[in-house]
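Subject: Handover of a structure and notes on its contacts

Dear colleague,

Please find the structure below, handed over for your use. My notes on it follow directly after.

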Amino acid sequence: MKVLVVGGAGYIGSHCVRALQAAGHTPVVLDNLVYGHRSAVSNEIPFYEVDLGNQTAVSEILKKEDIEVVMHFAAYAYVGESVTEPYKYYDNNVIATHRLLKAMIDCDVKKFVFSSTCATYGVPDTLPITENTPQSPINPYGQTKLDIENALKAYARAYGLNFAAFRYFNASGADESGEIGEHHDPETHLIPLIFDAATGRRKNIAIFGTDYPTPDGTCQRDYIHVSDLARAHIAAFEKFGEPGTGLFYNLGTGTPFSVREVIAAVEKVTGLKVPVVEEGRRAGDPPALYADNTKAVTELGWQIQYPTVESIVETAWRWHEGNPDGYAD
């Protein structure tokens with residue numbers, strides 16, 4: 001199918017573009033390059049430097065390229081910034097997304113794949129987290145994602161939109177080729193920050209809290225490889241049935257790894273020592289967060305190819321070692 005990948009020059013979007021090509025689909029990329037990188041996308045792929053909220057331009061692209069499916073990866077995703085600059089997040093993640101959806105409806109494009117987040121669950125009372133776990137976001141970022149999830153239900157009822165919303169856990173890793181990977185500015189994800197500490201690009205990596213009720217006292221999270229994420233999105237295409245079909249899936253391995261375990265994996269893969277400092281707990285950090293991925297595995301036939309943090313780190317290191325400064329652009 002012809003697929004418009006909104007945010008296709010970003011971390012997850014660029015990996016999804018490659019997965020689409022590998023699966024025989026035809027991707028078209030739309031990205032405003034605020035956080036994306038033009039060199040993450042092959043020059044052979046049609047590329048439009050356009051904002052997702054530009055309804056007129058998006059409509060023209062949908063018609064010109066004869067788009068059948070839209071995949072949306074263009075949200076702002078810094079949790080802390082969403083607290084200090086909520087307008088920015090509601091403007092892009094909610095208002096601009098509604099304009100994208102309106103362009104789709106007007107152009108009769110009725111298949112939509114949405115990048116959501118486990119942040120919609122907030123701090124759950126029980127683990128693992130299923131799709132039926134109550135959603136109670138604790139920051140504007142998670143709330144904006146939940147707002148769109150709820151809007152999608154209304155669009156499905158009113159306009160016959162087919163959609164799949166994927167609630168990610170900790171996206172990590174890089175393409176096996178080492179040609180594309182993770183490059184954020186600022187970088188907030190644990191694995192690339194540990195690489196920077198190991199290679200001397202930063203003084204150390206801080207462990208926030210060593211007295212949690214976990215096996216080694218540090219927080220546990222569910223790390224899911226970015227290519228595994230991408231393949232799940234494409235598998236959803238086959239599940240779009242009657243108009244108005246709405247699907248929700250958690251995407252994680254279901255196995256949590258602690259901060260100390262991630263650091264140990266980096267040291268093993270790189271052969272480098274990681275300087276560590278121990279600090280107090282951060283407010284709002286749950287001891288553990290991990291998914292129940294049964295629904296995605298059962299309904300989508302989704303198979304995880306990178307089940308361990310070490311296998312994820314190996315691919316991430318291949319990219320990082322070859323591109324220590326990230327993308328040139």
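Predicted model: local features only at pLDDT ≥ 70, side-chain atom pairs only at ≥ 80, totals over all residues.

Residues are numbered from 1 along each chain as its sequence is written, and side-chain values use heavy atoms, with hydrogens and water left out.

Salt bridges

A search of the whole structure gives 16 salt bridges (a side-chain nitrogen of Lys or Arg within 4 Å of a carboxyl oxygen of Asp or Glu). Helices and strands are named here as DSSP runs (H or I of at least four residues for helices, E of at least two for strands), numbered from the N terminus.

K2 and E65 form a salt bridge, with 3.2 Å between the closest N and O atoms. K2 belongs to strand β1 (residues 2-6) and E65 to the loop between α2 (55-64) and β4 (69-72), so the pair ties together parts that are 63 residues apart in sequence. E65 is buried at 11% relative accessibility, whereas K2 is partly exposed at 22% (buried is under 20% relative accessible area, exposed over 50%, partly exposed in between, with a 1.4 Å probe and protein chains only).

R318 and E176 also meet in a salt bridge, at 3.0 Å from N to O. Because R318 lies in helix α10 (residues 309-322) and E176 in the loop between β7 (170-172) and α6 (190-198), this pair ties together parts 142 residues apart in sequence. R318 is partly exposed at 36%, and E176 is partly exposed at 42%.

Helix α10 also holds E310, which is linked to K268 in helix α8 (residues 259-270), 42 residues apart. K268 is exposed, with a relative accessible area of 61%.

Aromatic pairs and charges over rings

The whole structure contains 9 aromatic pairs (rings of Phe, Tyr and Trp, the last by its six-membered ring, with centres within 6.5 Å; planes under 30 degrees apart are stacked, over 60 edge-to-face, the rest tilted). The rings of Y35 and Y78 have centres 5.8 Å apart and planes at 70°, so the pair is edge-to-face. Y35, Y76, Y78 and Y89 make up one aromatic cluster.

Y78 is buried at 14% relative accessibility. F195 and W317 form a tilted pair, at 5.1 Å centre to centre and 55° between the planes. F195 is in helix α6 and W317 in helix α10, so the pair ties together parts 122 residues apart in sequence. F195 is buried at 1%, as is W317 at 12%.

The charged end of R38 sits over the ring of F47, 4.1 Å from its centre (NZ of Lys or CZ of Arg within 6 Å of the ring centre and within 35 degrees of the ring normal). The charged end of K295 sits over the ring of Y249, 5.2 Å from its centre.

E81

E81 lies in helix α3 (residues 79-84) and is buried at 19% relative accessibility. Leaving aside neighbours within four places in sequence, E81 is in contact with Y35, P86, K88 and Y89 (heavy atoms within 4.5 Å).

Sheet

Three strands form an open, mixed sheet in the order β12-β9-β14 (strands pair if DSSP finds at least two bridges between them).

Yours sincerely
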